[in-house]
Amino acid sequence: MSKLFNISEASNIAVHSLALIAGSEEPMNATRIADVLQLSRNHIAKVLQVLARQGIITSRRGPKGGFNLLVDADELSLFEIYEIIDGKIEAEHCRREDGVCPFEECVFGDARQRLFEEFKSYYSGRMLGDLKLSLKS
């Protein structure tokens with residue numbers, strides 16, 4: 001299925017994992033995160049490595065080890081998380097590499113740009129700390 005705004009599986013994992021880590025009073029390890037999210041531990045571990053390399057989380061090995069946030073959850077936006085994982089996100093208006101449209105007016109109008117700006121604004125204003133999550137029993 002094609003999507004106008006594609007939130008990658010890796011970004012989805014990053015946001016969910018960070019929400020769990022931010023909401024936990026103790027470090028959370030990749031196995032626990034995988035169990036809660038019902039996703040591949042290996043994929044989660046790869047995403048967590050990226051977040052650790054970017055200075056968002058820190059990890060500690062051992063029986064009481066796991067991941068902790070290094071940043072303030074109230075200052076990390078969901079849009080920033082998406083860009084950490086997927087790179088700079090921009091609206092793609094035209095498939096032409098030279099950016100020169102053969103038409104006097106874009107066939108898509110400005111709807112794609114407006115939707116992208118709304119998407120960016122919403123997720124830039126939504127902070128990790130805003131996610132109040134409680135796990136299902």
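On one side of helix α3, the residues N42, K46 and R53 are exposed, where exposed stands for over 50% relative accessible area, buried for under 20% and partly exposed for the range in between, with a 1.4 Å probe and protein chains only. The model is predicted, so that local features need pLDDT of at least 70 and side-chain atom pairs count only at pLDDT 80 or more, while totals for chains, interfaces and linings use all residues. Residues are numbered from 1 along each chain as its sequence is written, and side-chain values use heavy atoms, with hydrogens and water left out.

On the other side from these exposed residues, I44, A45, V47, L48 and L51 of α3 are buried. Seen down the axis of α3, the buried residues fall within an arc of 165°, taken from the directions from the helix axis to the C-beta atoms, so they line one face of the helix. They pack against the elements below, a contact being heavy atoms within 4.5 Å.

| Partner of α3 | Residues |
|---|---|
| α1 | 9–23 |
| α2 | 30–37 |
| β1 | 57–60 |
| β2 | 66–69 |
| α4 | 78–86 |

At the start of α3, a side-chain oxygen of S40 comes to within 3.3 Å of the backbone nitrogen of N42, and after the helix follows G55, with a positive phi near 80°.

The protein chain as a whole has five helices and two strands, which are DSSP runs (helices H or I, at least four residues; strands E, at least two) numbered from the N terminus. Of its 137 residues, 31% are buried.

Technical notes. Polar contact = N/O pair within 3.5 Å; in protein donor to acceptor, adjacent residues only side chain to side chain.
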